[in-house]
Amino acid sequence: MNAPSYDTDLLVVGAGPAGVAAAVMAASLDMRSTVVEAERVGEKLHRIDALENVPGAWSAGPQLADALSQDLARLQQVGRCTVVKARCTAVAGHKDHAELELNDGRKLTGRAVIIATGVTELLPADVSWISAPNEFSPAPLWRSTPGSLAGRTYVLGGDRPLGTWLRAHFEIHKQLYVLCPPSDDYKTAEIVHDERVHLVPVSHIAIETPSYGSAWTVRVKDRRGAEKAYSIDTLVNNLGTKPAAIPGTHQDQDGYCPPHLQHPRVLTAGDIRSGRFQRIITSQGSGAEAALSLYYDRALPRS
Ligand SMILES: Cc1cc2nc3c(=O)[nH]c(=O)nc-3n(C[C@H](O)[C@H](O)[C@H](O)COP(=O)(O)OP(=O)(O)OC[C@H]3O[C@@H](n4cnc5c(N)ncnc54)[C@H](O)[C@@H]3O)c2cc1C
């Protein structure tokens, strides 16, 4: 019987903390990896100004993102890793290999694949308490610089990045009007006493397309059913996140991709696994562990 053949030992999708840790671990075990990244290495970290709970001297996301880039550059120099800039559009596990489809039409094969695509922004169309035109796509708060928040600024949702953003920009004295549905109430404890936050409890909001030259209008229904319309200068998205699942992975009821649901040749690591383990240190640990488990898994034949 012919030995199975594939392009590389390990395919990794996503070059965040989990994906890079997987590639580093694979290299230390003499495995070759190909890392597919849609944006840039450490994309999310580049936008996190203040980091907490990360061992080492990392207090800012861009520092850690640069370190991850250097890790991958070092692996590439010694021929242990290839980095491909593309978006992965599908994954499949087969009897003797795993396969990825990329948005540029390429297909990559490996002995196994680690999916480490993290989470991505929830959009207004994903939540039932907002009605908005299809073209309405507000910028995420956590990617916004204070200078980009012009005039009267509304924040859609009370998810936790708001607290991080306020801590990172303690020098900013701008008032933020936070449109908060009942489902976000429990997340607002850390910001409710911040004098820059004006919480607006809502049950539903409707966003209306601006007519020529005017601003967006938001029609707010409060928790007692009373309605009010506001004209908005700036509106930013703080709705939270959803798993960046790839077609071909198996999702649980919340859309996450826990490892135990996947094909034996498709492993998952980092934030994509669950809403409960979303930290840098757990992402790194799970990425490294996934690569190590592949090394020890005799049931998956090598070429
Ligand atoms: C505002 C904010 C502050 C945070 N602060 C902290 C903190 O202080 N301490 C802490 O421990 N954690 C913090 N976190 C959480 C931390 O950022 C995540 O837990 C960690 O980044 C998850 O790592 P990951 O590798 O699983 O995913 P990510 O870092 O999200 O990386 C996923 C990568 O996959 C890429 N990707 C996605 N889809 C595809 C695709 N289809 N094809 C190819 N590539 C794809 C993305 O571009 C990205 O580079 C914070 C998060 C946010 C949003």
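A pocket is an open set of points, on a 1 Å grid over the protein atoms alone, where a 1.4 Å probe fits, with protein on both sides within 12 Å along at least five of seven lines; lining residues have an atom within 4 Å of a point. Grid points are joined across faces, edges and corners, and a volume is the space filled by probe spheres set on the points.

This is a predicted model: local features need pLDDT of at least 70, side-chain atom pairs count only at pLDDT 80 or more, and totals for chains, interfaces and linings use all residues. Residues are numbered from 1 along each chain as its sequence is written, and side-chain values use heavy atoms, with hydrogens and water left out.

**Exercise 1.** Describe the second largest pocket and its lining.

Solution. 
- Start with volume. The second largest pocket holds about 180 Å³ of space.
- List the lining. Its residues are Pro 259, Val 266, Leu 267, Thr 268, Arg 273, Ser 286, Glu 289, Ala 290 and Ser 293.
- Assign elements (DSSP runs numbered from the N terminus: helices are H or I, at least four residues; strands are E, at least two). Strand E16 (266–268) and helix H4 (280–296) each give two or more residues to this lining.
- Find the main contributor. H4 supplies the largest share, four residues.

**Exercise 2.** Locate the nonpolar cores.

Solution. 
- A nonpolar core is a set of buried Ala, Val, Leu, Ile, Met, Phe, Trp, Tyr and Cys residues joined through side-chain atoms within 4.5 Å. Buried means under 20% relative accessible area, exposed over 50%, partly exposed in between (1.4 Å probe, protein chains only).
- Take the largest core. It has 31 residues, and Leu 10, Val 35, Leu 64, Leu 72 and Ile 114 touch the most other members.
- E1 (8–13), H1 (17–28), H2 (61–77), E6 (107–115) and H4 each give two or more residues. H1 gives the most, with six.
- Look for another. A second, separate core of 18 residues includes Leu 122, Leu 179, Val 200 and Val 220.

**Exercise 3.** Is Ser 231 buried or partly exposed, and which residues does Ser 231 touch?

Solution. 
- Ser 231 is in strand E13 (residues 227–232).
- Ser 231 is partly exposed because its relative accessible area is 49%.
- Read its contacts (heavy atoms within 4.5 Å). Ser 231 touches Tyr 154, Ala 215 and Trp 216, leaving out residues up to four places away in sequence.
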